[in-house]
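These are my notebook entries on one model, written down in the order in which I looked things up. I began with a term I would need for a single residue and then went on to the chain, a helix pair and the pockets.

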Amino acid sequence: MTGGQGRRRPSAAVAGSGDGAPALPYRGVRVQTGDVHPLINVPTLAQALADEQPPIVLDVRWHLAGPPGIEVYRRGHLPGAAFVDLDRDLAGPPGGLGRHPLPSAEAFTVAMRRAGVRDDRLVVAYDDADSTSAARLWWTLRYFGHERVRVLDGGYRAWVDAGHSVTTGVPEAALGDFTARPGRLPALDADGAATLAKGGVLLDARAAERYRGEVEPVDPVAGHIPGAVSAPTLGNVGVDGRFLPPGLLRERFADLGATDAVDVGVYCGSGVTAAHEILALTIAGVPAALYVGSWSNWVADPAHPVATGES
């Protein structure tokens with residue numbers, strides 16, 4: 001395990017954001033969130049966009065099977081939002097490290113500056129509704145050292161459903177000054193994931209049928225890392241795409257053995273939906289490390305064991 005992940009115990013409660021977002025339960029999650037709550041709701045964002053120094057808003061809509069996110073961005077997006085391409089900006093070239101390995105610090109700096117990201121300005125990320133790809137941006141920015149990043153709970157759909165306007169105009173974003181400083185969040189490689197599966201809790205954020213090895217639509221081998229626990233990340237949100245309340249998330253993860261009293265890691269297919277589960281764990285007060293390469297990295301090495309079935 002890299003990035004300073006260690007065992008944590010609960011301590012005094014952490015205050016909420018002051019804008020209706022629920023309080024984070026434990027100080028241990030501060031390493032995950034910086035000084036702000038990781039979620040922002042639609043009314044708070046709408047008010048913030050009218051401020052003298054509005055947040056930097058990033059549209060990171062993306063779907064594994066398409067269409068390309070830039071196409072839906074061009075059909076309509078939040079006012080002032082810049083588009084961030086998950087495949088190009090939030091990942092390095094696919095290969096043995098996985099389908100969505102971390103980008104280099106240099107490449108990520110260029111991408112975020114192009115999107116207008118500044119070190120001293122709040123960043124708000126959004127996607128269609130369930131925050132799956134927005135969470136990858138949240139995690140990656142936090143990993144590379146940005147202290148103030150939030151995800152729009154409910155995404156584009158919640159914004160439109162609330163009656164707020166969208167635009168097709170592409171803003172001319174001023175060049176940002178963000179500089180990537182890697183290692184600010186805990187991350188895992190394959191060895192670290194295997195160790196957690198044996199001595200901690202390793203959650204598999206993919207759909208249950210992929211965990212069981214019944215189907216594998218993307219990677220060449222079906223199954224899961226031996227010892228991992230199935231925890232599909234779509235169970236962390238409601239039908240509207242918004243995250244469940246912290247108490248329900250805590251109960252869900254506790255039932256899976258994931259609490260702040262043990263070391264927790266998460267993987268998925270390529271490190272995208274696992275970032276979403278990390279965000280849900282953070283809301284629940286459970287610090288966790290991301291196996292960025294995830295299943296696509298694990299199966300790239302034929303020496304790695306593969307399990308199928310319910311456990």
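Entry 1, a loop residue. I count a residue as buried under 20% relative accessible area, as exposed over 50%, and as partly exposed in between. The model is a predicted one, and in it I looked up Glu147, which sits in the loop between helix 6 and strand 5 (149-152). Its relative accessibility is 37%, so I put Glu147 down as partly exposed. I also looked up Asp119, which is 28 residues from Glu147 along the chain, and found 7.8 Å between the C-alpha atoms of the two.

I noted twelve helices and ten strands in the protein chain, and of its 311 residues 53% are buried. When I took the contacts between residues at least 6 apart in sequence, I found that 76% of them join residues at least 24 apart.

For helix 6 (residues 132-143) and helix 11 (residues 273-284) I recorded a packing angle of about 75 degrees, with the axes 7 Å apart. Angles from 65 to 115 degrees count as roughly perpendicular, and I therefore describe helix 6 and helix 11 as roughly perpendicular to each other. On the side of helix 6 the contact is made by Thr132, Ala135, Arg136, Trp138 and Trp139, while helix 11 brings Thr273, Ala275, His276, Ile278, Leu279 and Thr282.

I noted a volume of about 560 Å³ for the largest pocket. Its lining has 29 residues, and those nearest the centre are Trp62, Asp130, Thr132, Leu234 and Thr273. Thr132 and Thr273 were already in my list for the contact of helix 6 with helix 11. By class, I found the lining of the largest pocket to be ten nonpolar, ten polar and nine charged residues.

Lining the second largest pocket are 13 residues, with Ala82, Phe83, Arg88, Arg114 and Val170 the closest to its centre. The elements that give two or more residues to this lining are helix 3 (69-75), strand 3 (82-83), helix 4 (86-89) and helix 5 (105-114), and helix 3 has the largest share, with three residues. I sorted this lining by class as well, and it has nine nonpolar, four charged and no polar residues.

Methods: Residues numbered from 1 in each chain as written. Predicted model: local features only at pLDDT ≥ 70, side-chain atom pairs only at ≥ 80, totals over all residues. Heavy atoms only, no water. Axes fitted to C-alpha atoms, helices over the stretch in contact; angles between N-to-C directions. Helix = DSSP H or I, 4+ residues; strand = E, 2+ residues; numbered from the N terminus. Parallel < 35°, antiparallel > 145°, perpendicular 65-115°, else oblique. Contact = heavy atoms within 4.5 Å. Buried < 20%, exposed > 50% of the residue type's maximum accessible area, 1.4 Å probe, protein only. 1 Å grid on protein atoms, 1.4 Å probe; cavity = no way out; pocket = protein on both sides within 12 Å on 5 of 7 lines; lining within 4 Å. Points joined across faces, edges and corners; volume = space filled by probe spheres on them. Nonpolar A, V, L, I, M, F, W, Y, C, P; charged D, E, K, R; others polar.
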